[in-house]
Amino acid sequence: MAQAARQVIDWVEPDFIDLNFGCPVNKVVAKNGGSALLKDCPTLSRVAEAVVRAVAPMPVTAKIRIGWDAEMINAPRVAKLLEELGVAAIAVHGRTRAQGYAGAADWNVIAAVVEAVSIPVIGNGDLTDAPDVVRRRDESGIAGAMIGRAAMSSPWIFSQMKHYLATGELLPPPDPEIKWRLIQRHCELAVQVWGAENHAIRSMRGRLMAYSKGFPGSKMLREKFQRVETLREIDEIARLHVAVASKQHDDCNLYRPQPTAPS
(Lines give C-alpha, C1' and ligand atoms only; values in the text may rest on other atoms or scores of the structure.)
Protein backbone atom coordinates (compact mmCIF):
# COMPACT_ATOMS: atom_id res chain seq x y z
CA MET A 1 0.00 0.00 0.00
CA ALA A 2 2.83 2.41 0.81
CA GLN A 3 4.56 1.64 -2.48
CA ALA A 4 1.30 2.05 -4.41
CA ALA A 5 0.66 5.41 -2.74
CA ARG A 6 4.12 6.64 -3.77
CA GLN A 7 3.46 5.55 -7.36
CA VAL A 8 0.12 7.38 -7.37
CA ILE A 9 1.86 10.58 -6.29
CA ASP A 10 4.41 10.29 -9.10
CA TRP A 11 1.67 9.42 -11.59
CA VAL A 12 -1.09 12.00 -11.02
CA GLU A 13 0.26 14.44 -8.38
CA PRO A 14 -2.86 14.37 -6.17
CA ASP A 15 -3.65 16.85 -3.41
CA PHE A 16 -3.95 14.04 -0.87
CA ILE A 17 -4.16 10.25 -0.55
CA ASP A 18 -7.42 8.70 0.66
CA LEU A 19 -7.59 5.23 2.22
CA ASN A 20 -10.97 3.54 1.82
CA PHE A 21 -11.60 1.39 4.89
CA GLY A 22 -15.34 1.50 4.21
CA CYS A 23 -15.87 -0.46 0.99
CA PRO A 24 -18.49 -3.22 1.63
CA VAL A 25 -18.12 -5.06 -1.71
CA ASN A 26 -17.73 -8.82 -1.23
CA LYS A 27 -14.76 -9.27 -3.56
CA VAL A 28 -12.86 -6.58 -1.61
CA VAL A 29 -13.88 -7.74 1.86
CA ALA A 30 -13.03 -11.36 0.98
CA LYS A 31 -9.39 -10.31 0.57
CA ASN A 32 -9.40 -8.52 3.94
CA GLY A 33 -9.71 -5.13 2.25
CA GLY A 34 -12.10 -2.23 2.65
CA SER A 35 -14.43 -2.48 5.61
CA ALA A 36 -13.04 -5.90 6.60
CA LEU A 37 -10.22 -3.98 8.27
CA LEU A 38 -12.70 -2.50 10.74
CA LYS A 39 -12.55 -5.87 12.52
CA ASP A 40 -8.77 -6.16 12.05
CA CYS A 41 -7.43 -3.01 13.65
CA PRO A 42 -3.78 -4.21 13.80
CA THR A 43 -3.68 -4.56 10.00
CA LEU A 44 -5.61 -1.32 9.54
CA SER A 45 -3.03 0.42 11.73
CA ARG A 46 -0.08 -1.00 9.81
CA VAL A 47 -1.55 0.05 6.48
CA ALA A 48 -2.39 3.58 7.63
CA GLU A 49 0.97 4.12 9.33
CA ALA A 50 2.93 2.83 6.33
CA VAL A 51 1.08 5.05 3.87
CA VAL A 52 1.32 8.15 6.07
CA ARG A 53 5.09 7.68 6.37
CA ALA A 54 5.56 6.91 2.67
CA VAL A 55 3.82 10.02 1.33
CA ALA A 56 4.71 12.60 4.02
CA PRO A 57 4.24 15.53 4.01
CA MET A 58 1.27 14.92 1.70
CA PRO A 59 -1.94 14.58 3.75
CA VAL A 60 -3.58 11.17 4.10
CA THR A 61 -7.31 10.86 4.78
CA ALA A 62 -9.43 7.79 5.47
CA LYS A 63 -13.01 6.71 4.99
CA ILE A 64 -14.62 4.25 7.38
CA ARG A 65 -18.03 2.87 8.23
CA ILE A 66 -19.45 2.98 11.76
CA GLY A 67 -18.45 -0.66 12.21
CA TRP A 68 -18.57 -4.20 10.87
CA ASP A 69 -22.07 -5.02 12.12
CA ALA A 70 -24.51 -4.08 14.89
CA GLU A 71 -22.38 -6.02 17.42
CA MET A 72 -19.16 -4.27 16.41
CA ILE A 73 -19.74 -0.53 16.08
CA ASN A 74 -16.27 0.84 16.71
CA ALA A 75 -15.94 3.95 14.55
CA PRO A 76 -14.94 6.31 17.42
CA ARG A 77 -12.10 3.98 18.47
CA VAL A 78 -10.94 3.41 14.88
CA ALA A 79 -11.06 7.15 14.17
CA LYS A 80 -8.96 7.91 17.25
CA LEU A 81 -6.44 5.28 16.19
CA LEU A 82 -6.18 6.76 12.71
CA GLU A 83 -5.74 10.24 14.14
CA GLU A 84 -2.84 9.01 16.32
CA LEU A 85 -1.20 7.49 13.23
CA GLY A 86 -1.22 10.82 11.41
CA VAL A 87 -4.36 10.66 9.28
CA ALA A 88 -5.44 14.25 8.58
CA ALA A 89 -9.23 13.84 8.21
CA ILE A 90 -11.83 11.08 8.39
CA ALA A 91 -15.03 10.49 6.43
CA VAL A 92 -17.61 8.32 8.17
CA HIS A 93 -20.42 6.48 6.41
CA GLY A 94 -23.19 6.07 8.97
CA ARG A 95 -23.87 2.40 8.22
CA THR A 96 -22.16 -0.85 9.15
CA ARG A 97 -20.67 -3.15 6.57
CA ALA A 98 -23.48 -5.61 7.26
CA GLN A 99 -26.04 -2.96 6.32
CA GLY A 100 -24.49 -2.27 2.96
CA TYR A 101 -26.65 0.56 1.68
CA ALA A 102 -29.85 -0.53 3.41
CA GLY A 103 -31.50 0.98 6.45
CA ALA A 104 -30.93 4.42 7.90
CA ALA A 105 -27.52 5.95 8.50
CA ASP A 106 -26.72 6.33 12.21
CA TRP A 107 -25.72 9.94 12.69
CA ASN A 108 -25.41 9.48 16.46
CA VAL A 109 -22.28 7.39 15.84
CA ILE A 110 -20.95 10.00 13.43
CA ALA A 111 -21.44 12.61 16.17
CA ALA A 112 -19.55 10.34 18.59
CA VAL A 113 -16.63 10.23 16.12
CA VAL A 114 -16.61 14.04 16.04
CA GLU A 115 -16.35 14.03 19.82
CA ALA A 116 -13.57 11.43 19.83
CA VAL A 117 -11.08 13.22 17.55
CA SER A 118 -9.72 16.68 16.91
CA ILE A 119 -9.21 16.27 13.16
CA PRO A 120 -11.99 17.15 10.67
CA VAL A 121 -14.78 14.58 10.36
CA ILE A 122 -16.83 14.37 7.16
CA GLY A 123 -20.31 12.86 7.49
CA ASN A 124 -21.84 10.57 4.87
CA GLY A 125 -25.20 8.84 4.62
CA ASP A 126 -28.78 9.79 3.66
CA LEU A 127 -27.85 13.31 2.55
CA THR A 128 -30.18 14.16 -0.32
CA ASP A 129 -30.57 17.94 -0.21
CA ALA A 130 -29.13 21.11 1.29
CA PRO A 131 -31.39 21.25 4.40
CA ASP A 132 -30.26 17.69 5.23
CA VAL A 133 -26.64 18.83 5.24
CA VAL A 134 -27.32 21.86 7.42
CA ARG A 135 -29.38 19.83 9.91
CA ARG A 136 -26.77 17.08 10.20
CA ARG A 137 -23.96 19.62 10.55
CA ASP A 138 -25.79 21.40 13.37
CA GLU A 139 -26.68 18.14 15.14
CA SER A 140 -23.35 16.31 14.79
CA GLY A 141 -20.70 19.00 14.44
CA ILE A 142 -19.24 17.56 11.21
CA ALA A 143 -16.67 19.67 9.39
CA GLY A 144 -17.94 18.61 5.96
CA ALA A 145 -20.44 16.45 4.12
CA MET A 146 -19.86 13.68 1.57
CA ILE A 147 -22.57 13.02 -1.01
CA GLY A 148 -22.79 9.57 -2.57
CA ARG A 149 -25.81 8.03 -4.29
CA ALA A 150 -27.78 11.30 -4.48
CA ALA A 151 -25.14 12.69 -6.82
CA MET A 152 -25.56 9.81 -9.27
CA SER A 153 -29.04 10.99 -10.29
CA SER A 154 -28.60 14.70 -9.50
CA PRO A 155 -24.98 15.87 -9.88
CA TRP A 156 -26.22 19.46 -9.72
CA ILE A 157 -26.86 18.77 -6.04
CA PHE A 158 -23.43 20.20 -5.21
CA SER A 159 -24.07 23.65 -6.69
CA GLN A 160 -27.51 23.69 -5.06
CA MET A 161 -26.02 22.87 -1.66
CA LYS A 162 -23.24 25.43 -1.97
CA HIS A 163 -25.79 28.08 -2.90
CA TYR A 164 -28.01 27.19 0.05
CA LEU A 165 -25.11 27.20 2.51
CA ALA A 166 -24.01 30.61 1.25
CA THR A 167 -27.42 32.31 0.95
CA GLY A 168 -30.07 30.21 2.70
CA GLU A 169 -32.00 30.10 -0.59
CA LEU A 170 -33.22 26.80 -2.01
CA LEU A 171 -32.72 26.65 -5.77
CA PRO A 172 -35.32 24.80 -7.87
CA PRO A 173 -34.20 21.75 -9.86
CA PRO A 174 -32.70 22.58 -13.26
CA ASP A 175 -35.03 22.65 -16.25
CA PRO A 176 -35.15 19.41 -18.29
CA GLU A 177 -33.23 21.05 -21.13
CA ILE A 178 -30.37 21.96 -18.77
CA LYS A 179 -30.33 18.45 -17.32
CA TRP A 180 -30.14 16.96 -20.79
CA ARG A 181 -27.25 19.22 -21.78
CA LEU A 182 -25.35 17.93 -18.75
CA ILE A 183 -26.17 14.31 -19.61
CA GLN A 184 -25.07 14.80 -23.20
CA ARG A 185 -21.85 16.45 -22.06
CA HIS A 186 -21.18 13.54 -19.68
CA CYS A 187 -21.58 11.09 -22.56
CA GLU A 188 -19.31 13.14 -24.80
CA LEU A 189 -16.60 13.16 -22.14
CA ALA A 190 -16.95 9.39 -21.71
CA VAL A 191 -16.36 8.93 -25.43
CA GLN A 192 -13.26 11.13 -25.24
CA VAL A 193 -11.86 9.03 -22.41
CA TRP A 194 -12.67 5.63 -23.95
CA GLY A 195 -11.76 6.57 -27.51
CA ALA A 196 -14.44 4.18 -28.78
CA GLU A 197 -18.01 5.45 -28.93
CA ASN A 198 -19.92 2.17 -28.63
CA HIS A 199 -17.88 0.96 -25.64
CA ALA A 200 -18.15 4.36 -23.95
CA ILE A 201 -21.92 4.65 -24.32
CA ARG A 202 -22.46 1.06 -23.18
CA SER A 203 -20.40 1.84 -20.09
CA MET A 204 -22.62 4.87 -19.50
CA ARG A 205 -25.87 2.89 -19.43
CA GLY A 206 -25.78 2.50 -15.64
CA ARG A 207 -25.16 6.23 -15.21
CA LEU A 208 -27.97 7.03 -17.63
CA MET A 209 -30.31 4.80 -15.63
CA ALA A 210 -29.49 6.86 -12.54
CA TYR A 211 -30.03 10.12 -14.42
CA SER A 212 -33.52 9.00 -15.45
CA LYS A 213 -34.70 9.09 -11.83
CA GLY A 214 -37.23 11.87 -11.42
CA PHE A 215 -37.65 12.47 -15.15
CA PRO A 216 -41.18 12.33 -16.61
CA GLY A 217 -41.61 8.99 -18.36
CA SER A 218 -38.60 7.55 -16.55
CA LYS A 219 -39.68 3.96 -17.25
CA MET A 220 -39.66 4.63 -20.99
CA LEU A 221 -36.28 6.34 -20.71
CA ARG A 222 -34.76 3.37 -18.89
CA GLU A 223 -35.97 1.04 -21.63
CA LYS A 224 -34.24 3.20 -24.22
CA PHE A 225 -31.06 3.59 -22.16
CA GLN A 226 -30.73 -0.18 -21.90
CA ARG A 227 -30.08 -0.35 -25.65
CA VAL A 228 -28.34 2.93 -26.43
CA GLU A 229 -24.92 2.72 -28.14
CA THR A 230 -24.18 6.07 -29.82
CA LEU A 231 -24.09 9.78 -29.06
CA ARG A 232 -26.55 10.32 -31.90
CA GLU A 233 -29.08 8.09 -30.11
CA ILE A 234 -28.56 10.05 -26.88
CA ASP A 235 -29.11 13.32 -28.74
CA GLU A 236 -32.31 12.00 -30.34
CA ILE A 237 -33.68 10.76 -27.00
CA ALA A 238 -32.89 14.15 -25.47
CA ARG A 239 -34.57 16.03 -28.35
CA LEU A 240 -37.77 14.00 -28.11
CA HIS A 241 -37.90 14.12 -24.31
CA VAL A 242 -37.39 17.89 -24.14
CA ALA A 243 -40.10 18.38 -26.78
CA VAL A 244 -42.58 16.26 -24.81
CA ALA A 245 -41.71 18.02 -21.54
CA SER A 246 -42.18 21.43 -23.19
CA LYS A 247 -45.57 20.41 -24.60
CA GLN A 248 -46.72 19.15 -21.21
CA HIS A 249 -45.65 22.47 -19.68
CA ASP A 250 -47.55 24.44 -22.34
CA ASP A 251 -50.65 22.28 -21.91
CA CYS A 252 -50.59 22.89 -18.16
CA ASN A 253 -50.45 26.64 -18.76
CA LEU A 254 -53.24 26.42 -21.37
CA TYR A 255 -55.67 24.71 -19.00
CA ARG A 256 -54.69 26.54 -15.86
CA PRO A 257 -57.78 28.20 -14.29
CA GLN A 258 -57.75 31.94 -14.80
CA PRO A 259 -58.20 34.22 -11.77
CA THR A 260 -61.60 35.81 -11.42
CA ALA A 261 -61.61 39.56 -11.88
CA PRO A 262 -62.63 41.45 -8.73
CA SER A 263 -66.20 42.82 -8.78
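Reader: In which loop does Asn32 lie?

Author: Asn32 lies in the loop between helix 2 (26–29) and helix 3, where helices (H or I, at least four residues) and strands (E, at least two) are DSSP runs numbered from the N terminus. The model is predicted, so local features need pLDDT of at least 70 and side-chain atom pairs count only at pLDDT 80 or more, while totals for chains, interfaces and linings use all residues. Residues are numbered from 1 along each chain as its sequence is written, and side-chain values use heavy atoms, with hydrogens and water left out.

Reader: Why is Asn32 called partly exposed?

Author: Buried means under 20% relative accessible area and exposed means over 50%, with partly exposed in between (1.4 Å probe, protein chains only). Asn32 has a relative accessible area of 34%, and is therefore partly exposed. Its phi is near 60 degrees, a positive value in a residue other than glycine.

Reader: What makes Asp126 partly exposed, and where does Asp126 lie?

Author: The relative accessible area of Asp126 is 33%, so Asp126 is partly exposed. Asp126 lies in the loop between strand 4 (121–124) and helix 6 (130–140), and has a positive phi of about 60 degrees although it is not a glycine.

Reader: What makes the peptide bond from Ala56 to Pro57 cis, and where is Pro57 found?

Author: The peptide bond from Ala56 to Pro57 has omega near 10 degrees and is cis; Pro57 is found in the loop between helix 3 and strand 2 (60–67).

Reader: Why is a set of residues called a nonpolar core, and how many residues has the largest one?

Author: The name applies because the set consists of buried Ala, Val, Leu, Ile, Met, Phe, Trp, Tyr and Cys residues joined through side-chain atoms within 4.5 Å. The largest nonpolar core has 47 residues, and those with the most contacts inside it are Phe21, Ile64, Leu82, Ile90, Val92 and Ile147. Helix 3 (residues 41–55) gives the most to this core, with seven residues. Apart from it lies another core, of 18 residues, among them Ala200, Ile201, Tyr211 and Ala238.

Reader: Which residues does Ile147 touch, not counting residues up to four places away in sequence?

Author: With contact taken as heavy atoms within 4.5 Å, Ile147 touches Leu127, Val133, Ile157, Phe158 and Met161, when residues up to four places away in sequence are not counted.

Reader: How many of the residues in the chain are buried, as a percentage?

Author: Buried residues make up 41% of the 263 residues in the chain.
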